[in-house]
Structures are given as structure tokens and as C-alpha cells.
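Welcome! Take a look at it first, then read on.

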Amino acid sequence: MNFQLSEEHQQLREMVRDFAENEVAPTAKERDEEARFDREIWDKMAELGLTGIPWPEEYGGAGFDYLAYVIAVEELSRVCASTGVTLSAHTSLAGWPVYKFGTEEQKQKYLRPMAEGKKIGAYCLTEPGSGSDAGAMKTTAVLDGNEYVINGSKIFITNGGIADIYIVFALTNPEEKTRGVSAFIVESSFPGFQVGKKEDKMGIRSSPTAEIIFDNCRVPKENLLGEEGQGFKIAMQTLDGGRNGIAAQAVGIAQGALDAAVEYAKNREQFGKPIAANQGVSFKLADMATAVEASRLLTYQAAWLESNGLPYGKASAMAKLMAGDTAMKVTTDAVQIFGGYGYTKEYPVERFMRDAKITQIYEGTQEIQRVVISRMLLK
């Protein structure tokens, strides 16, 4: 067992950290306030090869592994959780199912431009009436000649409105319920594709979240991903890896809040000495650092398992559960250490705290993670 990152992983971390601190952090506060996605930052990420980290070079990727990918999401989220989740949804939720289940033609047509950052990806599963109960979806896809006609709507879609390629799940055989779900690759330019309401959110505000509407949306038959009836399996397996991306985002948020709290505690003086000299603060910092490191190890373990072709579903659920709760606790403690200043927008910890909450909700709530973990323990 080796707990030391390879030289390549270390170099990648340094490269992404340098990019995040110099290109992403300076506008993070402003983009949060304006709820504005910055395509220029995305294009710079593409130039660095960050938009296709785990995919083979033959598909336009960087040829790294999933550990490198979670390190990148972590480092971006350390300064801007919105940028972190934009990359996470693009890679884990849109790129992964095409890489895993796509035909060679689909990989060249869709995975390559996503890996090169020329196209942005998104994943459409959640509906107004089916959140955690994804199998209760109502969206349908009916074969008409050489095209499927999709009708329905999806909500809370990360990258909604800015994405070019959407992985969409719809019922091709409603009577079979989850066994009647199929997956499709849908381009935003297809007839009948519409972007609906954009959500006004508490956190990750510069990552667009929108409703996607399919009104007789016509999708070529060859854009079926996998086989008819295989969609629910594709959706669930995609979420296994997606959860680890969110775990990495949570670790990054928590690390960013911890770094800010440590710096503040060393410089803020009360009663004639830095507040870090008080055990009430220093012990809190110690607990925060310990939780962040434990979450990071679980996240890296899940990424290592996936990179080595080993089962990682339980590990990624554990990583997401632990890291999400850690992000919420650590950011809340960071605000407490900052005191009144922590409650203002003068310092970044209030943004970290708002951003942290979603890591306990999306890509499976904490309660769903416990369902996943306990089922694997008890089967």
C-alpha cells in the first residue's frame, strides 16, 4: 500500500492549483454574486487538458486515471466549487457513460469533442416527480422510423443551458418500469430540445442548473446509448463514479475553508494574542483537518479502485457520504472561527458554507448513500 502520490499526480496537482489560484479564484466571488458561468475559464481548462483527464488519447483525452481526475476537481473546488462541479458533471456524468457504453462511432463523435473541451456535457435523469426515486420517471421515447421522439422534462440539470451534449434517460417501454428505461445522446441543436427555467440557487451559483424540456424532440436512432432497456443500469453505474467527483468537490471546499480558517486564526488577535493560541480554536482546527484528510483518503481510494478496474460503488458512496458531511461541518466551523466577519461576503468562508450544502444532496442524498452502502453490506 502506497499513500504517496506519484510524481505525475503531484505535478498535475501543482499545475491545477496554480491555474485555480491565478485564473479561477480572482473572479470566484464576482461570478457567485452574478450567478455567471465563464466560458473563457472553461476554454483555458480545455487548453490544459483538464476537460478529458481520464479518457485515452485516441478519444482526445489526456490519458490519465481517475485519481488524477479527482485531484483536479478537488483543486478547482478549493477556490471555486462551481468550476469544480462543472468539470465533474462534464466528465463523470456525460463523458463516462459514452466511454463505457458508447459505440466507437459515438465515442469519436461525442466523447472526443467533450474530452477536448470543444463541447460541454450534461446528464438528464431527475424529473419533477422523480428525484431519489429515479425509476419513477415519466419522460418517454417512442421509435418513429429512424428516429426516437422524446417527450418530457428533466430538472436540476448541472451544466443545463451551457452544455452541447446531454445524456438523457427515457422510458421506451413504460410497462417494464426500470427495465424499460433507455439512454440517449441528445445534442442541444436537435429539434424539440428546449432549455427551461434556470434555478436561482443558494450555492454553486456560477454553475448553471436548469430545466431541460423535450417537446417531440427527435433523436437519430443511432444515438441510442447501449441497448434498449439498459438505461437504468447505465444511469446507476454512471452515478457510482459521479459520486466520487462530488466527494472530490466536497474535499476541495472543505480544504479551502480550512486553509482560510488557519490563516485567519494565526492573524486575528483577541485578548492580546492570536485566536489560534486558544484551544477552543486550535482543537477545532485539528478536528477539521483530520476530517478533511479522512475524506480525501476515502475519495482517493475509490478513484484508485476505479482506475484499477476493481468494484468501487460502495467506496464512492462512502466517500461522498463522508466528504459531504465533512464539507458542511468544516465550512460551518470555519464561519464560526471567523466570527462576525465569517457571516459577511468580505471573506470566502460564507461562500464555501453555501456551496458545501449541495454536496449532501445531489448525485444521491446522504440518505441514498446510506441505502447504497447498507444494501452492499447486507446482500
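## A first look

A89 has a relative accessibility of 2%, so this residue counts as buried. Please keep in mind that the model you see is predicted.

**A89 and its surroundings**

- You will find A89 in helix α5.
- Setting aside residues up to four places away in sequence, A89 touches A94, G121, T158 and N159.
- A89 and E367 are 278 residues apart in sequence, and their C-alpha atoms are 21 Å apart in space.

- An unreviewed UniProt entry gives residues 6–118 the annotation "domain: Acyl-CoA dehydrogenase/oxidase N-terminal". Residues 6–118 are 70% helix and 0% strand, with 29 Å between the end C-alpha atoms.
- Residues 122–217 carry the UniProt annotation "domain: Acyl-CoA oxidase/dehydrogenase middle", again from an unreviewed entry. Here the chain is 0% helix and 51% strand, and the end C-alpha atoms lie 17 Å apart.
- For residues 229–377, the unreviewed UniProt entry has the annotation "domain: Acyl-CoA dehydrogenase/oxidase C-terminal". This span is 76% helix and 3% strand, and its end C-alpha atoms are 27 Å apart.

**Helix α5 against helix α7**

- Helix α5 packs with helix α7 (residues 231–267) at an angle of about 155°, and their axes are 9 Å apart. The two helices are therefore roughly antiparallel to each other.
- The crossing of α5 past α7 is right-handed.
- On the α5 side, the residues that meet α7 are A81, V85, S88, S92, L93, W96, P97 and F101. Their partners in α7 include K233, I234, Q237, T238 and L239, and G241, G242, G245, I246, Q249 and I253 also take part.
- By class, the residues of this contact divide into ten nonpolar, eight polar and one charged.

**Helix α1 against helix α4**

- Helix α1 (residues 7–24) packs with helix α4 (residues 66–77) at an angle of about 25°, with 9 Å between their axes. That makes α1 roughly parallel to α4.
- α1 passes α4 in a crossing that is right-handed.
- From α1, the residues in the contact are H9, L12, R13, V16, R17, F19, A20 and V24. They meet L67, A68, I71, A72, E74, E75 and L76 in α4.
- The contact of α1 with α4 has ten nonpolar residues, one polar and four charged.

**Helix α8 against helix α9**

- The axes of helix α8 (residues 279–307) and helix α9 (residues 313–338) cross at roughly 155° and come within 9 Å. α8 and α9 are therefore roughly antiparallel to each other.
- α8 passes α9 in a left-handed crossing.
- In the contact of α8 with α9, 17 residues are nonpolar, five are polar and two are charged.

**Helix α6 and what covers it**

- Which residues of helix α6 (residues 104–115) are buried? They are Q106, K107, Y110, L111, P113, M114 and A115.
- The cover over these buried residues includes the helix α5 (81–101). It also includes the strands β1 (121–124), β4 (165–171), β5 (181–187) and β8 (224–225).
- Just after α6 comes G117, which has a positive phi of about 80°.

- T83 lies in helix α5. Is T83 buried or exposed? With a relative accessible area of 8%, T83 is buried.
- Apart from neighbours within four places in sequence, T83 is in contact with V24, R31, I41, M45 and L76.
- Y59 sits in the loop between α3 (39–47) and α4, and at 6% relative accessibility Y59 counts as buried.
- What does Y59 touch, not counting residues up to four places away in sequence? The residues are Y99, E104, K107, Q108, L111, R112 and A115.
- Y59 and T332 are 273 residues apart along the chain, and 41 Å separates their C-alpha atoms.

How values were computed
Residues are numbered from 1 along each chain as its sequence is written. This is a predicted model: local features need pLDDT of at least 70, side-chain atom pairs count only at pLDDT 80 or more; totals for chains, interfaces and linings use all residues. Side-chain values use heavy atoms; hydrogens and water are left out. UniProt positions are given in the numbering used here, feature names are shortened, and annotations may be inferred rather than shown by experiment. Helices (H or I, at least four residues) and strands (E, at least two) are DSSP runs, numbered from the N terminus. Axes are lines fitted to C-alpha atoms, for helices over the stretch in contact, and angles run from 0 to 180 degrees between N-to-C directions. Angles under 35 degrees count as roughly parallel, over 145 as roughly antiparallel, 65 to 115 as roughly perpendicular and the rest as oblique. A crossing is left-handed if the near helix is turned anticlockwise from the far one by less than a right angle, and right-handed if clockwise. Contact means heavy atoms within 4.5 Å. Ala, Val, Leu, Ile, Met, Phe, Trp, Tyr, Cys and Pro count as nonpolar, Asp, Glu, Lys and Arg as charged, and the others, Gly among them, as polar. Buried means under 20% relative accessible area, exposed over 50%, partly exposed in between (1.4 Å probe, protein chains only).
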